[in-house]
Amino acid sequence: MLSETVITGLGTIGPCGHGRGPLAAALAAGKPVTSEVARGAGLHREGGSRLAALVRERDVSCFVPAADARRMSFPSKLVMAAARMALAEAGIGATEAGGPRVGVYLSTTFGSGLSTERLLKQIFLEGPEAAQPFYFSECVANAPAAQLAIAVGARGPNVTLTQRESGPLLAVARGAQAVREGRVDRALAGALEEITPLLHALLDRFGALARAEGPRAEMPRPFDRRRDGFLAGEGATVLVLEREDTARARGARVLARVGWSGGAFDATASVSDWGDGHATLAAALRAGLEEVPGGARGVAAVVSGASGARRGDRLEARVLRAAWGEVPLPPVLVPKAVVGEYGGGILAPGLLALEGATFGPTAGFTEPDPETGVTPHGGVAREIPSRVLLTGLASGGAAAWLVLERAS
């Protein structure tokens, strides 16, 4: 019989600060945590979006020694700091962190943008012979996962997924499966993202970001009828995954049990947008929920991936409503209204929701959208859930779901 996979450590760094405490406070307040993006390079359009959920506390020297930091990009340093935070919470010391049966499973949408920009600038302005190897090694998407493995001595599988909004859940699901099937003894799984001025300007020019006009300018407004884009966010979250019997044997505190996970693909989606295949996705989710004790009624809260994206939120709502059918939806929590899109913004809030953390009113939601028919959490007190569903529907068609259960 396969042992269950559990989470024993959480490390998170984002716009709210370092660790679960600042994140929990921000989720309770229910307000976006934003900073102004540097615009001195002239990349942004006139009148375009100015705000993003940026990491303000960028000094991670307490987690990443200077000797290591010198050869790391900012995303690599972020994920390294989050991993060391997670390992510490799991009670795993530096000498125990690595080994041939420790795997790394991370997701990223854009990778290290700044390193890529610097490498290309050197090549274009000074010629290919001027390209610095440091920038080249850090501009690939899997650089943070490789740096993490080197730093902790993890010599097992090293996987980087680039599946946009569904990536964080897919990475955790892949790591949990490897642990459950005995292919690794421990997995470090999570997500990371960096938002540079160039990336922010491009997202805005493509119409993805919340508009800067009007009285509620640049408010993401998930599920609201007047939503007009998301808030770009950066950060890193890493979870420590291991078998439950191993964790109990060493006296570790179990934060959550990883229940069902699943994925699907919406073939109606374009390369850069969400599609209309909610029936196909809902059928896959409904079939998965049948494996959960109590079915859809056994899920006490949904931690939604809705972000304020016009078509993305519509698809999310239609999938949820169709999957639950005649069963009333549980509270729908929307953390990306606070921490923004990307940066693993759903993983840590999902775990905090299971622990009973307070979620304030959904930022920006004032008017229900009859096209979606979903009203997100309004900030009222709720019971501590025994089971939560995390959802991630990506532009381009990928979909992922993950159920977390409270360990007894």
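**Close-up views of a predicted model**

**View 1. Helices α1 and α13 meet side to side.** In this predicted model, R20, L23, A24 and L27 of α1 make contact with A348, P349 and L352 of α13 (contact means heavy atoms within 4.5 Å). Helix α1 covers residues 20-29 and helix α13 residues 347-354; helices (H or I, at least four residues) and strands (E, at least two) are DSSP runs, numbered from the N terminus. The two pack at an angle of about 80°, and their axes are 11 Å apart. Here, axes are lines fitted to C-alpha atoms, for helices over the stretch in contact, with angles running from 0 to 180 degrees between N-to-C directions. That makes α1 and α13 roughly perpendicular to each other (65 to 115 degrees; under 35 is roughly parallel, over 145 roughly antiparallel, and the rest oblique).

A quick word on ground rules: residues are numbered from 1 along each chain as its sequence is written, and side-chain values use heavy atoms, with hydrogens and water left out. Since this is a prediction, local features need pLDDT of at least 70 and side-chain atom pairs count only at pLDDT 80 or more, while totals for chains, interfaces and linings use all residues.

View 2. A357 has 17% relative accessibility, so it counts as buried (under 20% relative accessible area; exposed is over 50%, partly exposed in between, with a 1.4 Å probe and protein chains only). Leaving out residues up to four places away in sequence, A357 touches L352 and R382.

**View 3. E405 and R387 join through their side chains.** The polar contact between them spans 3.4 Å; such a contact is a pair of N or O atoms within 3.5 Å, where, within protein, one must be able to donate a hydrogen and the other to accept it, and residues adjacent in sequence count only if both atoms are side-chain atoms. E405 belongs to strand β13 (residues 398-405) and counts as buried because its relative accessibility is 14%. Beyond four places in sequence, its neighbours are A256, R257, G259, P293, L354, S386 and R387.

**View 4. W260 and W401 stack.** The structure holds 4 aromatic pairs. In this stacked one, the ring centres of W260 and W401 are 6.4 Å apart, with 15° between the planes. Rings of Phe, Tyr and Trp (its six-membered ring) pair if their centres lie within 6.5 Å; planes under 30 degrees apart are stacked, over 60 edge-to-face and the rest tilted. W260 is in strand β9 (residues 256-265) and W401 in strand β13, so the pair links parts of the chain 141 residues apart. Both tryptophans, W260 and W401, are buried.

**View 5. S115 pairs up with S112.** Their side chains make a polar contact of 3.2 Å. S115 lies in helix α4 (residues 113-126) and, at 5% relative accessibility, counts as buried.

**View 6. Helix α6 is largely enclosed.** Of its 10 residues (143-152), 7 are buried, so the rest of the structure largely encloses α6. Those buried residues are A143, P144, A145, Q147, L148, A149 and V152. They pack against α3 (74-89), β5 (102-107), α5 (133-139), β6 (158-161) and β7 (186-193). After α6 comes G153, with a positive phi near 80°.
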